[in-house]
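Here is a friendly briefing to read alongside the structure.

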Amino acid sequence: MATIVEATNLKKTYMLGKIPVDALRGVNLKVESGDFLAILGPSGSGKSTLLNLIGALDKPSEGKMMIEGIDISTLDDGQLADLRRGIGFVFQFFNLIPRFTARENVELPMAIAGLSKADRRKRAEDLLETVGLKERMNHKPTELSGGEQQRVAIARALANNPKFLVMDEPTGNIDSKTANEIICLIKRLNEEKAVTIIMVTHDQHLAGQSKKIVQMFDGLITKEVVN
Amino acid sequence: MKAQDILSYSFGAIRLRKLRAGLTTLGVVIGIAAIVALLSITQGLQATITRQLQTGFATDTLIVSTGGGLGAGFGTGGERATSSGFKLLINDTQIINNITNVETSMAIIQRAGWAGNGTTNLTTTIVGVNFTEYSSIYSSTFVAESGAIPLNPENETIVVGKRVSDPWKNETLFCNVNDNVEIIWTNATTLPPKNETYTGHVAAVLKEIGGFSAGGPSDSSVYIPISQAQSFFDTGECNSIIVKLKNDDKTTIDNVSNAIKDSFSGQVSVTSATAVLNILSSVFSIIQLFLAGIAAISLLVAGIGIMNIMIVSLMERTREIGILKALGMKNQTVLLIFLCESVIIGAIGAIIGIASGWVLANVVAIVFRGGGGAFTGNQAATTGGMTITPLLTPTVTILAVVFGVGVSAIFALYPAWRASKLKPVEALRYE
């Protein structure tokens, strides 16, 4: 299996006002294609910081973060943006564009990638069908429930055929019943479509569905468990 | 991201905040409208004055003066008549008449004075001319509306301009043909100064010329025979000599001008219609620049408004920018989206501004013409015989669009740049 993400002695220090905070203090991690990885840990353990680096949203202070064999420290803003087009993001608060309909939100990453209108419309409809929202595709986010919004967000994350999905507490902001549907959807994507998933979660049930659990504490990985 | 997608993204963002975008656009509209209105009125005015000058000031004439009056302001030569006590005399016309290509020349004496009809005294300019020569040089403007310009006038014979006969533009005439009018001037060469006066007899009222006349006949003057002026003003000097040339070629004008200056050892100014027109157009350029500058201030204010609104927008949409960047949008695309929003506002503002500026210019013209009163539907405005037809040139139109869009783009540059430089992690965390 190909290695998609590889972190070596990863450190990240950021300034909280004038106080330096060591969010990551030497993390080593390897994610293979087809993995379904859950990162668990209390708040402040550095899991979100790690996820930001995996998603190429930020650069490490020290150590190496290789995404598909490329050291992201060597990339400029434009190259990082290009790299992010190959990564699908799912956020806790959905982060859909409120003025766009569900379909337009799914089209957005494809528009950014420069796809033609006809192509992206077709693909957006297919993706919304995959997440079971084809009938609601012309609704705006405010007209959708939390679970529906998250499904739109997952469809959007899949838009540019990403190498892997990065999920930041995907069920953190929805009720448990709906969360179950989302968990099923994520699991199905991983099992049926072989989508690589790296997610941060508090949800023990969701973590239990993953193939591998990484436990973090105080900026370090303390435990790796294969389910 | 494709250009059309950037455009439609920007447009969508504007539509989301209609009132705010509308008010920002209004700022641009006012700036552009002010520029367009002021420039089209000024250009219309310039066209009118130029046209009147061309009719009132024959191109085949030169005006010779001692640096006083017209010559001082509009001197063509580098040197002006000195204050060395040089005086232009009435019979200097004989010297000028001997110059090649001069058809004829005539002296003009003029003084500020009054005309009285027994009840009212009217401020006027008393001009001493040779009626025959004057009417042949200014054959289109020194023309009688009523009565006839006498070729062999009596000493008391006078010709009055339209505004002397009818100063209030109503049925109440100050004087008419065959009336007697008191001609008054203050002789300040004696001590104490004393009012000289005689009774003139109106032989003709000139037809209306228009509000502006350089060198030629004017509506508000009283014309008396040159011999009468000589004795009445007790002088052998004249204010200016009008020279009629055989043709209006540039070389003729230049040669004769130089010959006249040489004849008087460079102590006179020679003015030609062409020179006056050139000076006029440069004066108008300055006026236009000045007015456009004032109007540009309002555009500057609009620009600051745009910047303000874009910074507010940037703050509100920080999270959105974070999302766009997470989805792989490049910095320059974010920059373009913000610039595009501002340019759309600028372009819409410019188009509406040009239209409203044009309407404003016409309203001003109509108000001028009616003196705030009569609207006749015609776009020409009249003030003291002056008509203004606003003129909107393609240059002004294009410049207005360029300025509107340019100002919008320039003032959006900083907010757009800040938006493009936002760090995705921080932008996503922004509440």
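Two strands count as paired when DSSP finds at least two bridges between them. With that in mind, look at strand β7 of chain A, where M167(A) is the bridge partner of V90(A). Please remember that this is a predicted model.

**Chain A as a whole**

- Chain A is built with seven helices and ten strands.
- Its radius of gyration is 17 Å, close to the 17 Å that the globule rule gives for 227 residues, so chain A is as compact as a globular protein of that length.
- Along the principal axes, the C-alpha atoms of chain A fill a box of roughly 45 × 40 × 40 Å.
- How many of the 227 residues of chain A count as buried? The share is 48%.
- Among contacts in chain A between residues at least 6 apart in sequence, 68% link residues that are at least 24 apart.

**The six-stranded sheet of chain A**

- This open sheet has mixed pairing, and its strands follow the order β6-β7-β8-β3-β9-β10 in chain A.
- Which strands of chain A stand at the edges? They are β6 (87-90) and β10 (220-226), and each has a single partner strand, so one side of each is left without a neighbour in the sheet.
- On average, neighbouring strands of this sheet are turned by 20° against each other, direction ignored.
- Helix α5 of chain A (residues 146-158) packs on the sheet, where it touches β6 and β7 of chain A. The direction of α5 makes about 170° with that of β6(A).
- β6(A) pairs with β7(A) in the parallel sense, over four bridges.
- Both faces of β6(A) are covered. I87(A) and F89(A) lie on one side, G88(A) and V90(A) lie on the other, and all are buried.
- Strand β7 (residues 164-168) of chain A also runs parallel to strand β8 (residues 196-200) of chain A, and five bridges join them.
- M167(A), the bridge partner of V90(A), has M199(A) as its bridge partner in β8(A).

**The four-stranded sheet of chain A**

- Here the order is β2-β1-β4-β5 in chain A, in an open sheet with antiparallel pairing.
- β2 (19-32) and β5 (70-71) of chain A stand at the edges with a single partner strand each, so one side of each has no neighbour in the sheet.
- Strand β1 (residues 3-16) and strand β4 (residues 62-67) of chain A run antiparallel and are joined by five bridges.

**Where chain A touches chain B**

- Chain A gives 19 residues to the contact, and chain B gives 16 residues.
- On the side of chain A that touches chain B, the elements giving two or more residues are α2 (77-84) and α3 (102-112) of chain A.
- The largest share of that side, five residues, comes from α2(A).
- By class, the side of chain A that touches chain B has nine nonpolar, four polar and six charged residues.

**Strand β2 of chain B and its partners**

- Strand β2 (residues 102-116) of chain B runs antiparallel to strand β9 (residues 240-245) of chain B, with six bridges joining them. V102(B) has L245(B) as its bridge partner in β9(B).
- Eight bridges pair β2(B) with strand β3 (residues 121-129) of chain B in the antiparallel sense. In β3(B), W114(B) is partnered by T123(B).
- The hairpin of β2(B) and β3(B) has four residues between the strands, and G118(B) takes a positive phi near 100° there.
- β2(B) is also joined to strand β6 (residues 180-187) of chain B by three bridges, again antiparallel.

**A closer look at A347(B)**

- A347(B) sits in helix α11 (residues 331-370) of chain B.
- Is A347(B) buried or partly exposed? It counts as partly exposed, because it has 16 C-beta neighbours inside 10 Å.
- Leaving out residues up to four places away in sequence, A347(B) touches G404(B) and V405(B).
- A347(B) and A400(B) are 53 residues apart in sequence, and their C-alpha atoms are 9.7 Å apart in space.

Methods:
Residues are numbered from 1 along each chain as its sequence is written. Chains are lettered from A and ligands numbered from 1 in the order in which they are written. This is a predicted model: local features need pLDDT of at least 70, side-chain atom pairs count only at pLDDT 80 or more; totals for chains, interfaces and linings use all residues. Two residues are in contact if their C-beta atoms, placed from the backbone, lie within 7 Å. Ala, Val, Leu, Ile, Met, Phe, Trp, Tyr, Cys and Pro count as nonpolar, Asp, Glu, Lys and Arg as charged, and the others, Gly among them, as polar. A residue is buried if 20 or more other C-beta atoms lie within 10 Å of its own, exposed if 12 or fewer, and partly exposed in between; C-beta atoms are placed from the backbone. The radius of gyration is taken over C-alpha atoms; the globule rule is 2.2 Å times the number of residues to the power 0.38. Axes are lines fitted to C-alpha atoms, for helices over the stretch in contact, and angles run from 0 to 180 degrees between N-to-C directions.
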